[in-house]
Amino acid sequence: MNLEPYLAVIIFIAIGLGIGGGLPLLGYLVGPKHPDAEKRSAYECGFEAFEDARIKFDVRYYLVAILFILFDLEIAFLFPWAIVMRDVGMTGFIAVMIFLAILVVGFAYEWKKGALNWE
């Protein structure tokens with residue numbers, strides 16, 4: 001069995017596993033072991049990091065996540081459509097307009113719920 005054609009792939013996988021496993025291990029071995037009070041304080045999430053896992057979250061976190069998904073999906077679907085826009089014709093144009101209308105409804109929902117107003 002000749003594995004010579006796969007030598008580059010095997011080396012690539014070995015380097016990837018070495019970097020993927022070696023750097024976190026190096027960080028664990030060399031990094032500080034006693035974080036101070038500043039590291040354990042609430043950061044951007046708005047609640048203490050080391051509390052009971054069953055605490056209530058503000059609904060705005062979920063609304064912002066939905067907003068991100070809306071615009072992420074929009075970009076993910078509009079770029080390929082823009083590339084083949086001339087080939088799909090009027091049917092493709094109408095389909096994209098329906099897709100954008102659905103996204104606008106989601107955006108209006110986010111706006112109505114106040115996800116864009118951050119305190």
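Guide: The answers below set values against definitions and then conclude. Please note that this is a predicted model.

Visitor: How confident is the predictor in the protein chain, and where is confidence lowest and highest?

Guide: The average pLDDT of the protein chain is 81, and 83% of the residues score at least 70. Helix 1 (residues 7–30) has the highest confidence, at 93, whereas helix 2 (residues 37–40) has the lowest, at a mean of 68. Where pLDDT is low, predicted coordinates should not be read in detail.

Visitor: How do you know that the span of helix 3 agrees with its number of residues?

Guide: Helix 3 (residues 59–83) has 25 residues, and at 1.5 Å a residue these should span 36 Å.

Visitor: Which residues of helix 3 are buried, and what covers them?

Guide: The buried residues are Leu 63, Leu 67, Leu 70, Glu 74 and Trp 81. Their cover includes helix 4 (85–113). In the protein chain as a whole, 10% of the 119 residues count as buried.

Visitor: How many aromatic pairs are there?

Guide: The count comes to three aromatic pairs.

Visitor: Why is the pair of Phe 71 and Phe 107 called edge-to-face?

Guide: The ring centres of Phe 71 and Phe 107 are 5.6 Å apart, and a pair requires centres within 6.5 Å. Their planes stand at 70°, and the cut-off for edge-to-face is over 60 degrees, so this pair is edge-to-face. The pair links distant parts of the chain, with Phe 71 in helix 3 and Phe 107 in helix 4, 36 residues apart.

Visitor: Why are Phe 71 and Phe 107 called partly exposed?

Guide: Buried means under 20% relative accessible area and exposed means over 50%. Phe 71 has 38%, which lies in between, so Phe 71 is partly exposed. Phe 107 has 26%, and therefore Phe 107 is partly exposed.

Visitor: What makes the rings of Phe 77 and Phe 99 an edge-to-face pair?

Guide: Their centres are 5.4 Å apart and their planes are at 75°, so the pair is edge-to-face. Phe 77 belongs to helix 3 and Phe 99 to helix 4, 22 residues apart, and the pair links distant parts of the chain. Phe 99, with a relative accessible area of 23%, is partly exposed.

Visitor: Which residues do ring pairs link into a cluster?

Guide: Ring pairs link Phe 71, Phe 107 and Trp 111 into a cluster.

Visitor: Which residues does UniProt list for "transmembrane region", and what is the model's helix content over residues 61–83?

Guide: The unreviewed UniProt entry lists residues 6–30, 61–83 and 89–109. In the model, residues 61–83 are 100% helix and 0% strand, with end C-alpha atoms 34 Å apart. Residues 6–30 are 96% helix and 0% strand, and their end C-alpha atoms lie 35 Å apart.

Notes
Residues are numbered from 1 along each chain as its sequence is written. This is a predicted model: local features need pLDDT of at least 70, side-chain atom pairs count only at pLDDT 80 or more; totals for chains, interfaces and linings use all residues. Side-chain values use heavy atoms; hydrogens and water are left out. Helices (H or I, at least four residues) and strands (E, at least two) are DSSP runs, numbered from the N terminus. The expected span of a helix is 1.5 Å times one less than its number of residues. Buried means under 20% relative accessible area, exposed over 50%, partly exposed in between (1.4 Å probe, protein chains only). Contact means heavy atoms within 4.5 Å. Rings of Phe, Tyr and Trp (its six-membered ring) pair if their centres lie within 6.5 Å; planes under 30 degrees apart count as stacked, over 60 as edge-to-face and the rest as tilted. UniProt positions are given in the numbering used here, feature names are shortened, and annotations may be inferred rather than shown by experiment. pLDDT is the predictor's confidence in each residue, from 0 to 100.
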